[in-house]
Structures are given as C-alpha cells and as structure tokens.
Amino acid sequence: MSEGLIKEECGVFGIYSPEEQNVAHRVYAGLTALQHRGQEAAGIAVNRDRKIRYHKGLGLVSEVFSGETLKELGCGRIAVGHVRYSTSGKNTVANAQPMVVRHVKGQLALCHNGNLINSFELRRELELKGCIFQSTSDTEVISYLITRNRLLSASIEEAVCRTMSEIRGAYSLVMMSPAKLIACRDELGIRPLCYGITEDGCHVFASESCALNAAGAKLVRELEPGELLVADENGIRSVREHCGRQKEALCVFEYIYFARPDSVIEGVSVHEARRRAGKYLAEEYPVEADLVIGVPDSGLDAALGYAEASGIPYGTGLVKNKYIGRTFILPEQEQRNDMVRMKLNAIGAVLKGKRVVMIDDSIVRGTTSAYIVKLLREAGAEEVHVRISAPPFLHPCFYGVDVNSENSLIANGNSVARIARQIGADSLGFLSVDKCLLLASEDQRDRLCAACFNGRYPAGRPEADPETMAGNWLT
Ligand code: AMP
C-alpha cells in the first residue's frame, strides 16, 4: 500500500477559556479519554497571548506528555489536541498533530479526524504551484488550503468555510488561530464531533462526549453536518453555510466498535446501541447454550444484550491485559498472533464443560476470533458459538476507519459456514446490515454510512487511483 493511503482513526479536542488558565491540563484529560481512538501519536498546542506553543510525539498520551512538558506548555486561553492512529504508511512525528503552520496573518494549529477523498488531486494541484509538503497526511493539505484562503477572506472562519467547499470526504476539524477556536464537520457528518461547556464557561469541542466529561464539560449538542462553530471573546457562533446540503451519513462503525461505550452519539448511548446489537443477534441467531461471554472490551456490551434477550446467563470468560496496545495494526501476521496471545486469556473455571456463545464486535482477517475459539476450547469449553455484532466486512473504508483492502477481509469470497470452519467455531452469525442500521436513533437510521458492509459510499470513492498518483508525489 502506498503512503498516500494513510488512513487515520483519530480523536480531536479543543478548549476556549474566557480566562487564562492551565488549558494544557484540560486537553490532556480530554485526550486521555479519547485514547481508544488512536494510540500512535499525541499532541497538544497552547495559545498564549496569540502565540502557539506545541508538543507532539509518538506513543500514548501518558508517554508523550510528562508533568514537565505540560508545565512548559503552561497556561493560555485556547488549546487543541489530537490522538492519532495511522493504519498504514509511516508513523512519523511529521504526521503527528496538531499541525502548526505560520502564515502572513498569524499561526494556525489544526487537528483532523477523518479522511479526504480528493486529497491526492488537491495536493498535486498545490505542489504544481510550488507548495512543499513536510508530511504525507491530508491534514497538511487542509492547512495549506485554509492559509491560502485566509489571504482572500476577511476572517479565519470565512477561510475555513471556503476550504470546506474544496475538500471532500470525512473530516471533523478542531483548530485555533491567534484569537479563535474553530470546529467544523463535513457536510455528511461522517465522523462525530460534539460541543460542550464547563462550569467556568469554557467552550469545549471533542470527538466524543466522554472526553467532554473528562475535561469537566457537559455535552450541549453535536455539531450538525456541515456546521462550523467559532468560539472567541464574543462567545460561540454557528456558521451554517454548508449545512443541509447533503444527506447525512454518520459512520455506523462508531456505534459498533470505535466510540467508547460511555459516549453519546446523536442522542444514542453507545453502550445501549451495542446492547441492542446483542439483542438483535440473539433474535437472528439463537442457539442452545449455557453461557454468554464477550470479548473485552468492545464485545462486552453486545454480550450483555445477547444474554438478556436469550435468557442464557452472562459470564466473564476472558480477561484482557489492559497494558497492551492494539494487535490490529501490527504488520506481520506472526506478530499479530503473538500479541493476541499476550492480550487475552481464558478463565477455565468459568468455561469448563460449557456450551459457550462468544460475542465480538467484528471479524476482519479472522485472526482474533480463530485464536479466541482455540483458547476457549483449551480452557474446556464444549461448544463455541461465535456471534458478531457487525455485518461481514466486505469493502474498504475511505473515510477514516481501518478496514483493509478487499482481499485481506476474511468475509470476502467466503461463505459464513466457511468462515466458521476457518475460525473453528461450532456456529457463526453476523448481525444483518438492516439490523445494524437500527443501532442509531430512529431519525438517524436511514442516514448512516455502512459502506464497509454494503459498498454504498455516500461521499464517493477517491477519484484518483492513489497507486498511480503515488509516483507523482511520493519519493
Ligand atoms: P481480525 O483479528 O483481523 O479479524 O480483527 C478483528 C478484531 O480487531 C476485533 O476483535 C475488533 O475488535 C478489532 N477491530 C476491528 N476493526 C478494527 C479497526 N478498524 N481498528 C482496530 N481494531 C479493529
């Protein structure tokens, strides 16, 4: 895969305080709550007296920031932060965010969650005009466009609005200029972004509501698709030039896997949505069994829902080592196998002699499920029935979630019975696409993106073939 295909699963955060205070600490709290959205790099930028200082690095938030670095970033009135999980291409500090740039009208610090589908064309156009890029990330393309548009605009928000007309795909952006904090969401609202307020009057933006809470803020509402919110000394203001232009398409995978269960997205508790997925699974794929277990962490809520709906007792059959990072992103199959082994272990006393229903949120390559089925059998389970709280992954995602190319997806070209054999399960059931769309609120149900399951891409696919474009701008 070329570097041009970097896909990012990220978390963004921003705060505007009416008074100067230790904003870096509040961003730190918010980013820690968003850590599940990205574990490869983290960064915070603080604006003090219109000057932006920043620190970013590779690793977890707690690894990148010590008490000392946070102290150095110190106080200010505006700050933004980012956690990043690049799923292909290089994980370099150059690609870490916030992306801080200088332009004739000041500085800009930009954080991005999502993926553009026309970044290749935009980047080439800029390069042909002499722009030099330091990273391979599409966030740099956005920052170039904003700074270029700033020259033609009366305000930074106007420049961002113009940029929104040029970029296509998925983006939730949080950025700060010398005097303003700005957040905006793509016209389809593919990635989430919410707004909250603290008791001391700070305006806060975050990918998920759990991060608002961690920073002491209460959820006010989500940004509407296409909306831009500006926080500055005059308070908060909404710019709606891009609202209502397209049919919304929130990513359904946020409910299934990506978001934290204590977050609320479009008025729906993620925990409740997963529990409902378990209930639907129990209705669609009932089985006679003695025990329902979930694969920690993202399978637990659906397992609870399956147990409640089926009447089969819920139990803890697997324990996860909390101190190990993600297995999913390791490049070699061998490494992934080792990591899954280090990460999960079975509790024999619970499983011995039982017919077990094991619930996980998804099967991608099949590595995790195959390993867990084996683990459960070794621990004495008599039967293992696998239920997956998502439909089979059949298509890649171009909007910021790491779903691999078609040929590495186990569901591609394989029947459910064959996948069951490959992972060693006695039976296997995937949530149907119809039921999966019911995870959102009633008015949101026909406005979800489920492209990875049904191949219908609401923002289209990238126009240029990244592989052929790659040679034009990658060295
Ligand atoms: P696999 O072992 O390749 O079948 O991957 C399935 C496991 O990876 C499941 O346990 C999921 O919880 C997790 N997973 C699924 N999709 C993603 C994703 N986009 N990013 C990270 N982890 C994921």
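Asp49 is exposed because its relative accessibility is 60%, where exposed means over 50% relative accessible area, buried under 20% and partly exposed in between, calculated with a 1.4 Å probe and protein chains only. The phi angle of Asp49 is near 50°, a positive value in a residue that is not glycine, and the residue sits in the loop between strand 2 (41-48) and strand 3 (51-58). Strands (E, at least two residues) and helices (H or I, at least four) are DSSP runs that are numbered from the N terminus. Arg50 lies in the loop between strand 2 and strand 3 as well, and it has a positive phi of about 70° although it is not a glycine; with a relative accessible area of 54%, Arg50 counts as exposed.

The model described here is predicted, so that local features need a pLDDT of at least 70 and side-chain atom pairs count only at pLDDT 80 or more, whereas totals for chains, interfaces and linings use all residues. Residues are numbered from 1 along each chain as its sequence is written, and side-chain values use heavy atoms, with hydrogens and water left out.

Seen as a whole, the protein is divided into domain 1 (11-249) and domain 2 (270-457), with bounds that come from an automatic or database domain assignment. The contact between them takes 14 residues from domain 1 and 13 residues from domain 2, contact meaning heavy atoms within 4.5 Å. The centres of the two domains, taken over C-alpha atoms, are separated by 33 Å.

The size of an interface is often given as the accessible area lost when the parts come together. Domain 1 and domain 2 bury about 1200 Å² between them, 53% of it on carbon and sulfur atoms, buried area being the accessible area (1.4 Å probe) that two parts lose on being put together, summed over both. Of the area that domain 1 buries against domain 2, Tyr85, Glu248 and Ala249 supply 37%, more than any other three residues.

Glu248 also forms a salt bridge with Arg447, in which the closest N and O atoms are 3.0 Å apart; the term stands for a side-chain nitrogen of Lys or Arg within 4 Å of a carboxyl oxygen of Asp or Glu. Across the interface of domain 1 and domain 2, 1 salt bridge is found by this rule.

Two cis peptide bonds can be located in loops. One runs from Gln97 to Pro98, with omega near 5°, and Pro98 lies in the loop between strand 4 (76-86) and strand 5 (99-103). Another runs from Pro296 to Asp297, with omega near 0°, and Asp297 has its place in the loop between strand 17 (291-294) and helix 10 (300-310).

Is Ser362 buried or exposed? Ser362, found in the loop between strand 20 (355-360) and helix 13 (367-378), is buried, because its relative accessible area is 15%. Leaving aside neighbours within four places in sequence, Ser362 is in contact with Phe253, Ile388 and Phe393.

Gly67, by comparison, is exposed, with a relative accessible area of 56%, and it belongs to helix 3 (residues 67-73). The C-alpha atoms of Gly67 and His25, which are 42 residues apart along the chain, are separated by 9.4 Å.
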